[in-house]
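Here's a quick tour for anyone meeting this structure for the first time. Have a look at it, and then we'll walk through a few of its parts.

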Amino acid sequence: MKTFDLQRPATVEEAAGLLPSDRADRSAVLLAGGQDLLGELKDDLVAPERVVSLSGVPGLDALTWRDDGSLAIGALVTLADLEEEPRVRAELAVLAEAAGQVGSPQIRAAGTVGGNLNQRPRCWYYRDPDSVCLKKGGTHCFAQLGLNKYNAIFGGGPTYIVHPSDLAPALVALGATVELVGPSGARTMPLERYYLLPEQDGITRETVRLPGEVMTQVVVPAQEAGLRSTYLKFRERSSYDWALSAVAAGIRTEGGVVTSARLVLGGVAPTPWRCPSTEALLVGRPLDADTIRDAARDAVRGAQPLSQNGYKVPLTQGLVTRALSALA
Ligand SMILES: Cc1cc2nc3c(=O)[nH]c(=O)nc-3n(C[C@H](O)[C@H](O)[C@H](O)COP(=O)(O)OP(=O)(O)OC[C@H]3O[C@@H](n4cnc5c(N)ncnc54)[C@H](O)[C@@H]3O)c2cc1C
């Protein structure tokens with residue numbers, strides 16, 4: 001690991017000012033809980049001269065329920081704090097369950113919401129210091145024809161990473177927005193629009209975050225009464241692991257009929273993968289066995305598995321079936 005200077009700004013604006021304003025300039029990176037970044041530093045995947053820690057910026061660790069029923073989650077809120085917050089557990093089960101399934105208790109104690117949403121992919125060609133894959137400026141995505149058991153079945157090409165965050169599908173299912181502060185001031189956007197597919201200029205980056213921008217908070221809007229939601233994740237190793245496939249589901253019913261539905265997949269695409277046709281299929285129908293079967297089939301329609309990840313199709317179909325059955 002290359003030696004670097006650690007900088008501890010006192011405000012978000014100061015932090016933004018310490019970051020390079022040019023994408024090609026890799027001289028400084030942002031640090032939150034370090035659970036992802038330290039691995040990248042140790043493997044020389046990033047080799048900055050300066051590491052800009054957010055730990056000295058007050059207020060970013062606040063979790064605030066506002067009067068209008070929305071929830072503002074500061075970028076430095078830890079996954080453990082989010083998972084354990086009583087009202088989150090009671091009203092936003094999908095979010096508490098997703099936070100509670102990240103890594104291990106130690107990772108959740110140190111890892112933050114901002115770091116979770118901005119972590120880099122786990123594709124082992126990207127993580128291998130000796131592989132110059134397409135994401136690292138090479139000419140080929142080695143996963144396309146090589147070891148691709150963990151890679152994308154939706155939205156791939158020309159790279160085939162999967163988005164690694166457990167929180168992101170849950171927050172997209174809840175319609176969350178993110179706030180970014182940078183050299184040009186603050187801007188907000190739906191989290192769903194924060195992530196880029198490889199074909200959308202998302203080859204060497206995964207988000208629309210501009211150089212010098214810092215994610216400051218995530219806002220979950222007030223949810224209509226009657227929301228039932230859940231997050232189901234399948235992982236290879238039960239102690240701690242990223243999702244092979246995951247489902248974030250939120251449903252409302254009235255008189256036994258679905259009135260609104262949100263379904264977002266994790267671990268199967270380069271972004272949290274929303275299923276709009278499945279959501280439309282669910283609305284207006286009772287959440288019975290026939291509807292759930294049709295929805296689970298629809299959710300995997302259009303999947304394009306690679307040579308070693310065809311198992312993700314029935315796995316995802318099964319997870320959607322289980323998630324919707326749990327909400328019925
Ligand atoms: C063994 C292991 C298992 C894991 N398992 C899971 C899992 O099951 N599910 C899962 O979702 N994740 C998992 N993770 C990934 C991740 O480390 C954690 O989820 C954690 O939330 C990362 O947060 P952090 O604060 O430590 O981020 P850091 O490591 O500090 O930062 C991660 C990245 O985000 C950027 N960043 C941090 N904060 C901001 C901000 N405010 N604005 C803009 N960019 C920012 C950093 O520059 C860096 O590139 C795992 C990690 C490890 C090491």
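Let's start with helix α14, which covers residues 312-327. Its 16 residues reach 22 Å from the first C-alpha to the last, close to the 22 Å expected at 1.5 Å a residue. (That expected span is 1.5 Å times one less than the number of residues.) Helices here are DSSP runs of H or I with at least four residues, strands are runs of E with at least two, and both are numbered from the N terminus.

Which residues of α14 are buried? They are Lys312, Val313, Leu315, Thr316, Leu319, Val320, Ala323, Leu324 and Leu327. Looking down the axis of α14, you'd find these buried residues within an arc of 160°, so they line one face of the helix. The arc is taken from the directions that run from the helix axis to the C-beta atoms. Over on the other side of α14, Pro314 and Arg322 are exposed. Buried means under 20% relative accessible area, exposed means over 50%, and partly exposed is in between (1.4 Å probe, protein chains only).

And what do the buried residues of α14 pack against? The partners are the strands β9 (228-234), β10 (245-254) and β11 (257-266), plus the helices α12 (276-282) and α13 (289-299). Contact here means heavy atoms within 4.5 Å.

## Where the numbers come from

A quick word on the model: it's predicted, so local features need pLDDT of at least 70 and side-chain atom pairs count only at pLDDT 80 or more, while totals for chains, interfaces and linings use all residues. Residues are numbered from 1 along each chain as its sequence is written, and side-chain values use heavy atoms, with hydrogens and water left out.

## Cysteines

Cys141 counts as buried, at 13% relative accessibility. Cys275 is buried too, with a relative accessible area of 4%.

## The three-stranded sheet

Now for an open sheet of three strands, in the order β1-β3-β2 and with parallel pairing. Its edge strands are β1 (5-7) and β2 (28-31), each of which pairs on one side only. Two strands pair if DSSP finds at least two bridges between them. Four bridges join β2 to β3 (residues 50-53), and Ala28 stands opposite Arg50 in β3.

In the loop between α1 (12-18) and β2 you'll find Asp25. Asp25 is partly exposed, with a relative accessible area of 35%. Asp25 and Pro48 are 23 residues apart along the chain, and their C-alpha atoms are separated by 9.4 Å.

## The five-stranded sheet

Another open sheet has five strands, ordered β4-β5-β8-β6-β7, and its pairing is antiparallel. The edges are β4 (63-65) and β7, each pairing on one side only. At the β4 end, three bridges pair β4 with β5 (residues 71-74) in the antiparallel sense, and Leu63 stands opposite Ile73 in β5.

Strands β6 (residues 177-182) and β7 (residues 185-190) pair antiparallel over six bridges. Together β6 and β7 form a hairpin, with two residues between them. Within this pair, Val178 stands opposite Met189 in β7.
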